Amino acid sequence: METSGPLEAHRLGEGRLDADVDLYRRLSSDITAGVAVVSTRLRNRDYAATVSAFLSVSYDPPTMLVSLYAESRIGEAVEEAGTWALSVLSGKHEGTATWLASPGTPLHGLLAQVPFRRGPATGAAVIDGCLAYFELRTVSVHSAATHLLVVGEVLAMGSSAELSEAPDPLVHFGSEFRRLAP
């Protein structure tokens with residue numbers, strides 16, 4: 001049933017105001033999202049970053065999408081490499097997620113303290129103990145505001161998590177990493 005009365009809304013004008021951006025950040029931080037690591041290997045160097053904007057696009061063929069900041073090292077590397085991996089993290093990976101989300105991480109030795117194995121299809125880093133992983137070949141890249149929407153077809157997939165970890169995904173809500181398990 002439709003509720004009576006007007007819906008209060010902050011309308012955005014033609015010029016972007018700092019207040020618009022601040023309100024958008026606050027409201028969009030209330031969207032709960034899974035946390036993953038996107039990785040690729042380009043010219044014998046590993047690139048990786050924490051992401052919370054990814055989704056399954058299609059089951060047939062298996063296809064996924066990830067949103068990456070266009071001017072980031074990971075965005076540029078994934079676009080150039082053409083293949084990448086997405087490791088879906090469990091609650092035990094909060095330290096890894098924080099490390100790979102930190103600005104100014106080193107270019108050399110980025111994964112020196114992060115346990116991972118090489119994906120058999122792409123050679124990209126797959127985080128040990130991840131709930132699920134997908135190795136992908138980029139099929140299209142779309143520019144959207146400050147980001148790249150990278151669509152990839154799944155080449156290989158699996159899980160390296162223990163069965164007991166499955167109900168404990170790492171999520172992002174309210175600008176923080178959180179766990180669903182008590």
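Two strands are taken to pair if DSSP finds at least two bridges between them. Helices (H or I, at least four residues) and strands (E, at least two) are DSSP runs, numbered from the N terminus. The model is predicted: local features need pLDDT of at least 70, side-chain atom pairs count only at pLDDT 80 or more, and totals for chains, interfaces and linings use all residues. Residues are numbered from 1 along each chain as its sequence is written, and side-chain values use heavy atoms, with hydrogens and water left out.

The protein contains 3 helices and 12 strands. Its C-alpha atoms fill a box of roughly 55 × 40 × 35 Å along the principal axes. Of its 182 residues, 38% count as buried. Buried means under 20% relative accessible area, exposed means over 50%, and partly exposed lies in between (1.4 Å probe, protein chains only). The accessible surface comes to about 11100 Å², and 54% of this belongs to carbon and sulfur atoms. Areas were computed by the Shrake-Rupley method with a 1.4 Å probe; for residues, only the protein chains shown count as cover.

Contacts (heavy atoms within 4.5 Å) were also counted. Among those with a separation of 6 or more, 63% involve residues 24 or more positions apart. The protein carries 14 positive and 21 negative charges, and their mean positions are 7 Å apart. Lys and Arg count as positive, Asp and Glu as negative; His and the chain ends are not counted. Each charge is placed at NZ of Lys, CZ of Arg, CG of Asp or CD of Glu.

Helix α2 spans residues 73-81, and its buried residues are Ile74, Gly75, Ala77 and Val78. An α-helix has 3.6 residues a turn, so residues three or four places apart point the same way. The buried residues of α2 pack against β2 (36-42), β3 (45-51), β5 (62-69), β6 (83-88), β9 (132-144) and β10 (147-158). Gly82 follows α2 and has a positive phi, near 85°.

Helix α3 (residues 94-101) includes Ala101. This residue is partly exposed, at 44% relative accessible area. Ala101 and Ala48 are 53 residues apart in sequence; their C-alpha atoms are 9.2 Å apart in space.

An open sheet of 3 strands runs in the order β1-β11-β12, with antiparallel pairing. Its edge strands are β1 (33-34) and β12, each pairing on one side only. Strands β11 (residues 170-173) and β12 (residues 176-179) pair in the antiparallel sense over 4 bridges. In β12, Arg179 is the bridge partner of Leu170, and Arg178 is that of Val171. The hairpin of β11 and β12 has 2 residues between the strands, and in it Gly174 takes a positive phi near 60°.

Backbone geometry was examined in three further loops. Most residues other than glycine have a negative phi, and most peptide bonds are trans. Asn44 has a positive phi, near 60°, without being a glycine. It lies in the loop between β2 and β3. Asn44 is exposed, with a relative accessible area of 69%. Ala145 is likewise not a glycine, and has a positive phi of about 55°. The loop between β9 and β10 holds Ala145, which counts as exposed at 87% relative accessibility. A cis peptide bond joins Asp60 and Pro61, with omega about 0°. Pro61 sits in the loop between β4 (54-59) and β5.
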